[in-house]
Amino acid sequence: MLTILFSAPPARWPQYQAPLTAALQEAGIAARIVTETEAPETVDYVVYAPNGGLSDFTPFTGCRAVLSLWAGVESIVTNDTLTQPLCRMVDAGLEEGMREWVAGHVLRHHLGMDAHIVNPAHRWDQVAPPLARDRTVALLGLGALGQAAAGALATLGFGVQGWSRTPREVPGVTCHHGAEGLRAVLERAEIAVLLLPLTAQTENLMNAERLGWMPKGAVLINPGRGALIDDDALLAALDAGRIGHATLDVFRSEPLPADHPFWTHPRVTVTPHIASETRPASAARVIAENIRRSEAGEPLLHLVDRARGY
């Protein structure tokens, strides 16, 4: 019988206990799940959340894989004690949630909904928005979540320009890569969505220079990672009218401090890191499948490339 350590905040265990137990049974895996152990050398797999308190993987000498509950792995991938294979979480619930959040906020800005929702002067401004086919939306980051969001926007009719550090092909999306590709995409982007992983190469990617490449009045939407944006540069661009609005779901410090200027800036929308959430039922099936694969000697799903950092 396998031993699986569930290492996540205590509040998560009641949410995962039944779905994970059921998923393992459905996969034909005989296992006991523990939330703590005094014998780490007996643990076969670790189900891991970065905020669960586990930071030293050295004692887990028999562990065959660490299975993350998060899509982002930047907080663990540089951990020198982690020598076991690491798999990131990619599941249908995450993709669906991100697709819906991104589509909703892109449509909000595209249609100019804010002016009608909050209209104290009762202005009758009878100007119709352009059609989606006449609006260019940039999607920076074409991993699983980025592709899901880009596909939804393309289906709605938007002209979607995608960018990634390395070449990608996504149906319905005009894809670019590399430094020259980034500038080409941002110069067209009336609305830009950030869904990149956080690495040494992407931290502060949206600095003053790159924000300046965007068309005047463009919208920036960030459900990816807070540190993709230089906060001071963004505030300056907003104040100058260079960026028309920023809708931000992720931040360098969370919860966002009460005195942070994003809270009160008239051209910033703050959402509390809710763009997408791992759903226990679907995530449990991903975890069970990876354990089944490992036990059968098959390739693991969503294995992290340590050299690339994601």
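User: Buried means under 20% relative accessible area, exposed means over 50%, and partly exposed is in between. So is Arg 135 buried or exposed?

Analyst: Buried. This is a predicted model, and in it Arg 135 has 16% relative accessibility, so it falls under the 20% cut-off.

User: What does Arg 135 form a salt bridge with?

Analyst: Its partner is Glu 190. The closest N and O atoms of that pair are 3.3 Å apart.

User: Where do Glu 190 and Arg 135 lie?

Analyst: Both are in loops. Glu 190 is in the loop between helix H5 (178-188) and strand S9 (191-194). Arg 135 is in the loop between helix H3 (114-117) and strand S6 (136-140). Glu 190 is partly exposed, with a relative accessible area of 29%.

User: How many salt bridges does the structure hold?

Analyst: It holds 12. One of them links Glu 295 to Arg 64, with the closest N and O atoms 2.9 Å apart.

User: Which parts does that pair tie together?

Analyst: Glu 295 lies in helix H8, and Arg 64 lies in the loop between strand S3 (45-48) and S4. Those parts are 231 residues apart in sequence, so the pair ties them together. Glu 295 is partly exposed at 42%. Arg 64 is also partly exposed, at 33%.

User: What does Arg 293 pair with?

Analyst: Arg 293 forms a salt bridge with Glu 289, and the closest N and O atoms are 2.9 Å apart. Both residues are in helix H8, 4 residues apart, which is about one turn of the helix.

User: Why do residues four places apart in an α-helix point the same way?

Analyst: An α-helix has 3.6 residues a turn, so residues three or four places apart point the same way. As for Glu 289, it is partly exposed, with a relative accessible area of 24%. Salt bridges with shared partners join Glu 289, Arg 292, Arg 293 and Glu 298.

User: New topic. How many residues are in the largest nonpolar core?

Analyst: There are 49. Val 102, Val 106 and Ile 291 have the most contacts inside that core. Helix H8 (residues 280-296) gives the most to this core, with 6 residues. A second, separate core has 32 residues, among them Ala 138, Leu 196, Leu 205 and Leu 211.

User: Which residues is Val 106 in contact with, leaving aside its neighbours within four places in sequence?

Analyst: Val 137, Leu 153, Phe 158, Ile 191, Val 193 and Ile 221.

User: And H1, what do its buried residues pack against?

Analyst: They pack against strand S1 (2-7), strand S2 (31-34) and H8. The buried residues of H1 are Trp 13, Tyr 16, Leu 20, Ala 23 and Leu 24.

User: What span should H1 have?

Analyst: Helix H1 has 14 residues (13-26), so it should span 20 Å. Its end C-alpha atoms are 19 Å apart, which agrees. Just after H1, Gly 28 takes a positive phi of about 75°.

User: What about Arg 12, where is it found?

Analyst: Arg 12 is in the loop between S1 and H1. It is partly exposed at 27% relative accessible area. Not counting residues up to four places away in sequence, Arg 12 touches Phe 6 and Glu 277. The side chains of Arg 12 and Glu 277 are joined by a polar contact of 2.4 Å. Arg 12 and Pro 280 are 268 residues apart in sequence, and 9.0 Å apart in space, C-alpha to C-alpha.

User: Next, Gln 84. Is it buried or exposed?

Analyst: Gln 84 has 4% relative accessibility, so it counts as buried. Its place is the loop between strand S4 (65-68) and strand S5 (86-87).

User: Which backbone oxygen lies 3.0 Å from a polar atom of its side chain?

Analyst: The one of Phe 60. The backbone oxygen of Phe 57 lies 3.5 Å from a polar atom of the Gln 84 side chain.

User: Last one. How many residues of strand S11 are buried?

Analyst: In S11 (residues 243-248), 5 of its 6 residues are buried. Strand S10 (residues 218-222) pairs with S11 in the parallel sense over 5 bridges. Ala 246 in S11 is the bridge partner of Leu 220.

Methods:
Residues numbered from 1 in each chain as written. Predicted model: local features only at pLDDT ≥ 70, side-chain atom pairs only at ≥ 80, totals over all residues. Heavy atoms only, no water. Core = buried A, V, L, I, M, F, W, Y, C linked by side-chain atoms within 4.5 Å. Buried < 20%, exposed > 50% of the residue type's maximum accessible area, 1.4 Å probe, protein only. Helix = DSSP H or I, 4+ residues; strand = E, 2+ residues; numbered from the N terminus. Contact = heavy atoms within 4.5 Å. Polar contact = N/O pair within 3.5 Å; in protein donor to acceptor, adjacent residues only side chain to side chain. Salt bridge = Lys/Arg side-chain N within 4 Å of Asp/Glu carboxyl O. Expected span 1.5 Å × (residues − 1). Pairing = 2+ DSSP bridges.
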